[in-house]
Amino acid sequence: MLSRLTRLQAIAVCAVPAVALLATAVFAPLPFSLAQPGMTANVLGENKGTPVITISGAPTRTTSGQLRMTTIEATGPDARVSLGDVLDAWFATDRAVMPRDAVYPSGQSTKEIEQHNTEQMEESQDAATEAALNYLGLKDDGIKVSLELSDVGGPSAGLLFSLGVIDKLDGDGSGGDLTGGRVIAGTGTIDAAGTVGAVGGVSLKTRAASRDGATVFLVPKAECADARAELPKGLRLIPVTTLKGTVSALKSLETGKGTVPSC
């Protein structure tokens, strides 16, 4: 006949599997990526000694101010992220926890993901150039635009590329700079028709922008709420949906005439 366990013994016996499960949960890899503010780059200037935008076949102008594209840095697709890592990042204001599938395509190797991001960047650059030239009413016959931004993948710099091409070719259309001499940052995809698309990670990108001196941040309108979350002090949000509307907002910001939308 089995003897009865004392209350203390029973608790101890039950605690063993509970502790084991807790330890497993803490140290087991989870399907998340940890992200933080990444680098920014002025598309009107140079990155690592190379001009980001080079235009031939049309006269260009000297610009002032900056147009800074923004990025986030995330743990790699093969990185082990534990419950402890997630909890630490969850309560940090400069980091975020994101589903891994939202950052990287599922079922692909690291090499395939890098290739995918490179292809997306190249497609984004082509669309950005076409959108800018369409806005200016220029044909791409004889005008060659080269966009160079090493170590950055994906399509989220499309809007800033288009604005950079416009500023170098036409400025604000009246002899001034599209930036008005400001440090303007932002994010957003773009298609050849000039439609701005959402990208994700905007609350981290606003921090990267503020860190690198921006006072204005262009954000896809659909992501206004995310951008307002923990918005750095002194950073003004301008929601955008199209390239034409973005240029119009920047001109109004510069001249003080017209309407500058806000989130």
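Ser252 lies in helix α8. In this predicted model, Ser252 has a relative accessibility of 9% and therefore counts as buried, the cut-off being under 20%. When neighbours within four places in sequence are set aside, the contacts of Ser252 are with Lys257, Gly258, Thr259 and Val260.

Helix α8 spans residues 243-255, and its axis comes within 11 Å of the axis of helix α5, residues 158-169. The two axes cross at roughly 60°. Angles from 65 to 115 degrees would count as roughly perpendicular and those under 35 degrees as roughly parallel; α5 and α8 are therefore oblique to each other. The crossing of α5 and α8 is right-handed. On the α5 side, the contact is made by Leu159, Ser162, Leu163 and Ile166. On the α8 side, Leu243, Thr246, Val247 and Leu250 take part. Of the residues in this contact, six are nonpolar and two are polar, and none is charged. An α-helix has 3.6 residues a turn, so residues three or four places apart point the same way.

Helix α6 covers residues 202-211. Its buried residues are Val202, Leu204, Lys205, Thr206, Ala208 and Ala209. Gly213 follows α6 and has a positive phi, near 95°.

A further helix, α4, runs over residues 110-136 and contains Thr118. Thr118 and Asp151 are separated by 33 residues in sequence, and their C-alpha atoms are 9.1 Å apart in space.

For the chain as a whole, the secondary structure consists of eight helices and twelve strands. The chain has 263 residues, of which 40% are buried. Among contacts with a separation of 6 or more, 76% are between residues 24 or more positions apart.

How values were computed: Residues numbered from 1 in each chain as written. Predicted model: local features only at pLDDT ≥ 70, side-chain atom pairs only at ≥ 80, totals over all residues. Heavy atoms only, no water. Helix = DSSP H or I, 4+ residues; strand = E, 2+ residues; numbered from the N terminus. Buried < 20%, exposed > 50% of the residue type's maximum accessible area, 1.4 Å probe, protein only. Contact = heavy atoms within 4.5 Å. Axes fitted to C-alpha atoms, helices over the stretch in contact; angles between N-to-C directions. Parallel < 35°, antiparallel > 145°, perpendicular 65-115°, else oblique. Left-handed = near helix turned anticlockwise from the far one by under 90°. Nonpolar A, V, L, I, M, F, W, Y, C, P; charged D, E, K, R; others polar.
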